[in-house]
Amino acid sequence: MEGKGKIGNWFESAKPYIAMISLQFGYAGMNIITKVSLNRGMSHYVLVVYRHAFATAVIAPFAILLERKVRPKITFKIFMQLFVLGLLGPVIDQNFYYAGLKFTSPTFSCAMSNMLPAMTFVMAVLCRMEKLNMKKVMCQAKVAGTIVTVGGAMLMTVYRGHVINMFWSSFIHPKQSYVPTTSNHADSSADKDWLKGSILLIIATLAWASFFILQAITMRKYTAHLSLTALVCFMGTLQSIAVTFVMEHKPNAWVIGFDMNLLAAAYAGIVSSSIAYYVQGLVMQKRGPVFVTAFSPLMMIIVAIMGSFILAEKIYVGGVLGAVLIVIGLYSVLWGKYREYKEMEAEQILEPVKIGNINNNNNNNNLNIGDIEANNNNNNIAVENRMYVPAIAISGPMPQPPMLALEAPKP
């Protein structure tokens with residue numbers, strides 16, 4: 001029985017780790033499947049539409065059933081915030097991310113996405129949602145981590161270096177050449193695409209950081225989280241349809257069958273936008289947001305291995321060095337946020353203690369004041385008793401009429 005209890009306790013404590021590791025595998029699978037679909041010619045505009053349509057269809061029933069009694073009314077201000085959230089997240093972020101993924105690689109895209117905490121910190125400081133006190137070590141860590149993260153992204157963007165040949169590549173993809181192409185035209189074209197993809201990914205990360213800032217502001221008024229997610233996905237679906245009609249003029253681009261394109265849209269909508277939201281919410285309630293974000297570099301490692309196996313992806317020296325810098329900067333920012341979270345938690349614990357001490361002091365002071373007043377009253381009575389006879393002798397009592405004469409009963 002004791003052994004079963006220990007195993008149960010261990011499994012209970014390991015649940016958040018198992019959930020987050022599984023979630024990173026799910027995200028990694030989304031990047032690989034999406035890359036295959038984009039390489040086969042699927043439009044990323046159409047992919048965004050179908051992805052958020054699947055996400056809306058999955059999340060909306062739960063939002064309708066579980067939050068029907070707590071859902072706030074949608075005012076014009078909240079509607080405009082939902083409109084901008086749909087524009088920042090599903091439209092700008094996803095389209096730019098998929099376009100950048102098409103021009104680069106899944107590993108490179110995952111490495112760039114690790115810039116999100118640093119960019120969110122910068123946006124929060126600019127919006128005055130985050131206070132910056134450089135005298136504190138945690139603020140210094142966040143600023144230094146942001147600088148290192150941006151430096152790593154710049155290194156990955158401007159420098160590629162030599163190809164790193166994995167030892168299993170020749171066995172799994174024997175016909176795939178891992179030697180860089182000798183054609184100068186091909187090299188220059190690839191470098192242009194790589195630079196273009198890097199810029200698109202940076203813009204996507206900036207849009208996603210802006211999405212988080214506006215989402216935090218919106219959730220202060222609109223507290224139904226599932227309904228908010230469903231509305232943002234629905235709004236993003238409508239906006240993505242409008243953008244796709246403008247950008248895609250071929251009717252065949254909308255046609256998908258039971259193939260990789262349908263799998264990419266359904267997988268991204270159900271796993272990345274629905275199940276991931278629910279799992280992250282559960283883990284965040286138990287362990288906090290820092291714990292959730294700390295697992296994001298694991299996705300990059302998984303994608304690098306899976307991409308090398310499945311896609312014969314080329315991994316460059318510049319990408320590895322930049323990714324290492326981004327991960328170092330990421331954990332520096334997360335460490336600063338963790339210390340800030342602990343400091344705020346300690347202040348919240350100490351605040352009731354301070355209030356209790358103040359109340360006790362006030363009660364003691366009130367008791368002391370009461371004792372002093374009682375002593376003063378006793379002293380005043382004693383003084384009056386001692387001074388009563390001389391007072392009569394000096395002034396003499398004033399004659400008063402009888403009380404009955406003043407308050408005679410009415411007939």
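## Helices H3 and H9

In this predicted model, helix H3 (residues 76-103) and helix H9 (residues 225-247) have axes that come within 8 Å and cross at roughly 65 degrees. Axes here are lines fitted to C-alpha atoms, for helices over the stretch in contact, and angles run from 0 to 180 degrees between N-to-C directions. The H3 and H9 crossing is right-handed, meaning that the near helix is turned clockwise from the far one by less than a right angle. Helices (H or I, at least four residues) and strands (E, at least two) are DSSP runs, numbered from the N terminus.

On the H3 side, the contact residues include Phe 79, Leu 82, Phe 83 and Leu 85. On the H9 side, they include Leu 228, Leu 231, Val 232 and Met 235. A contact means heavy atoms within 4.5 Å. The residues of this contact divide into 12 nonpolar, 4 polar and no charged. Ala, Val, Leu, Ile, Met, Phe, Trp, Tyr, Cys and Pro count as nonpolar, Asp, Glu, Lys and Arg as charged, and the others, Gly among them, as polar.

## Helix H12

Helix H12 covers residues 296-310, 15 residues in total. From its first C-alpha to its last it reaches 21 Å, close to the 21 Å expected at 1.5 Å a residue. The expected span is 1.5 Å times one less than the number of residues.

Buried residues of H12 include Ser 296, Pro 297, Met 299, Met 300 and Ile 302. Buried means under 20% relative accessible area, exposed over 50%, partly exposed in between (1.4 Å probe, protein chains only). Just after H12, Ala 312 takes a positive phi of about 55 degrees.

## Met 260

Met 260 lies in helix H10 (residues 260-287). It counts as partly exposed because its relative accessibility is 21%. Leaving out residues up to four places away in sequence, Met 260 touches Ile 33, Val 36, Ser 37 and Arg 40. The C-alpha atoms of Met 260 and Leu 38 are separated by 9.6 Å, though the two residues are 222 apart along the chain.

## Whole chain and confidence

The chain has 14 helices and 2 strands. Of its 411 residues, 39% are buried. Among contacts with a separation of 6 or more, 89% join residues 24 or more positions apart.

The average pLDDT (the predictor's confidence in each residue, from 0 to 100) is 78, and 77% of the residues score at least 70. Over residues 175-182 the pLDDT is below 50, and this stretch has 13 contacts beyond near neighbours in sequence. Residues 381-411 also have a pLDDT below 50, with 3 such contacts.

## Basis

Residues are numbered from 1 along each chain as its sequence is written, and side-chain values use heavy atoms, without hydrogens and water. Local features need pLDDT of at least 70, side-chain atom pairs count only at pLDDT 80 or more, and totals for chains, interfaces and linings use all residues.
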